[in-house]
Amino acid sequence: MINMIFTKRLCLVVFLLVATATNVNAAKKINVFVSILPQQYFVQQVGGEHVNVHVMVGPGLSPETYEPTPQQMAALANADIYFSIGVSFEKAWLDKIRQSNKELIVIECCDQFSDLHEHSHDDNNIDPHIWTSPKKAIQITKLVEKSLKEIDENNSGSYEVLASNFIAELDKLDSTIKSKLSTLKQKSLIVSHPSWGYFADEYGLTQISIEQKGKEIQAKSMVNLIKLAKEKNIKAVFVQSQFNNKAARIIAKEIDAVVFDVDPLAFNYIENMNNVTDKIKEGLSYE
């Protein structure tokens with residue numbers, strides 16, 4: 001009788017241990033790092049409850065000049081995957097990030113989907129701002145889905161469903177932007193920093209950047225830009241809070257233009273891109 005009771009108790013202990021281990025494994029999430037907030041949004045949409053997503057460049061900070069904190073570098077030692085996107089700080093830090101975690105999987109999102117846009121900070125002329133195009137965002141989403149499925153096959157079905165749902169939202173966003181901008185007569189988009197090249201290409205606009213090769217615009221170039229803006233009757237200038245906008249505001253004053261703040265680095269991608277589109281539509285509608 002005693003042996004029977006002991007055996008039952010032993011079986012119960014073994015069962016509880018196995019169940020606990022199973023629950024721990026099931027609860028274990030993929031530890032993901034990304035460079036910028038829009039990427040964090042993308043990965044969360046695809047990964048859902050199966051991922052913990054950490055962003056390097058937080059709100060209000062510039063990916064051009066960012067330096068990771070010691071806390072971030074320490075946390076990266078426990079990361080499973082890093083989605084890079086070609087922004088400037090990665091050039092100085094990505095190798096160090098790899099060295100801090102030899103097991104880290106690094107997935108490059110920019111090189112695979114970028115076109116040869118001229119970008120003021122990059123000698124090789126590759127513009128990393130691919131996410132400003134919803135169609136490029138769809139490609140990033142598919143890459144995220146593929147990458148998560150490869151390291152977590154057990155939840156591949158969940159990733160497929162979540163990615164499909166998010167892609168449907170991105171398709172809807174693309175159609176909405178096309179509809180909103182389709183009737184614009186003004187096609188010239190003056191921006192303080194060249195972040196909107198892919199957006200401009202996608203929707204028939206021409207990006208004109210005030211910033212020249214990563215430096216403030218020179219006096220002669222400013223005079224020429226003011227002249228061009230007056231000839232084209234441009235009445236809006238679009239700035240980005242992460243950068244010095246002094247020159248943009250001077251130009252806006254000279255051409256009697258309204259200044260709009262548009263942020264390509266906001267977290268909620270769908271909401272932000274709708275807001276950006278509304279501002280661009282408003283600004284390019286002025287006569």
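The model is a predicted one.

**The sheet**

Four strands build an open sheet. Their order is β2-β1-β3-β4, and they pair in parallel. Strands β2 (51-55) and β4 (105-108) are the edges. Each has a single partner strand, so one side of each lacks a neighbour in the sheet. From one strand to the next, the twist averages 20°.

Look next at β1 and β3. Strand β1 spans residues 30-34 and strand β3 spans residues 81-84. The two run parallel and are joined by three bridges.

Helix α4, residues 88-100, lies across β3 and β4. Its angle to β3 is about 165°.

**Salt bridges**

Side chains of opposite charge can pair when their charged atoms come close. In the whole structure, a search finds seven salt bridges.

| Pair | Distance (N to O) |
|---|---|
| D95 and R98 | 3.5 Å |
| K149 and E145 | 3.6 Å |
| K149 and E160 | 2.9 Å |

Start with helix α4, which lies across β3 and β4. D95 and R98 both sit in this helix. They are three residues apart, about one turn of the helix. R98 is partly exposed, with a relative accessibility of 37%.

Now turn to helix α5, residues 134-151. K149 and E145 both belong to this helix. Because they are four residues apart there, about one helical turn separates them. Is E145 buried or exposed? E145 is buried, at 14% relative accessible area. K149 counts as partly exposed because its relative accessibility is 23%.

K149 also forms a salt bridge with E160. K149 is in helix α5, whereas E160 is in helix α6 (residues 156-181). The pair therefore ties together parts that are 11 residues apart in sequence. E160 is partly exposed, at 39% relative accessibility.

Which residues are linked in a network of salt bridges? They are E145, K149 and E160.

Terms used:
Residues are numbered from 1 along each chain as its sequence is written. This is a predicted model: local features need pLDDT of at least 70, side-chain atom pairs count only at pLDDT 80 or more; totals for chains, interfaces and linings use all residues. Side-chain values use heavy atoms; hydrogens and water are left out. Two strands pair if DSSP finds at least two bridges between them. Axes are lines fitted to C-alpha atoms, for helices over the stretch in contact, and angles run from 0 to 180 degrees between N-to-C directions. Contact means heavy atoms within 4.5 Å. A salt bridge is a side-chain nitrogen of Lys or Arg within 4 Å of a carboxyl oxygen of Asp or Glu. Buried means under 20% relative accessible area, exposed over 50%, partly exposed in between (1.4 Å probe, protein chains only).
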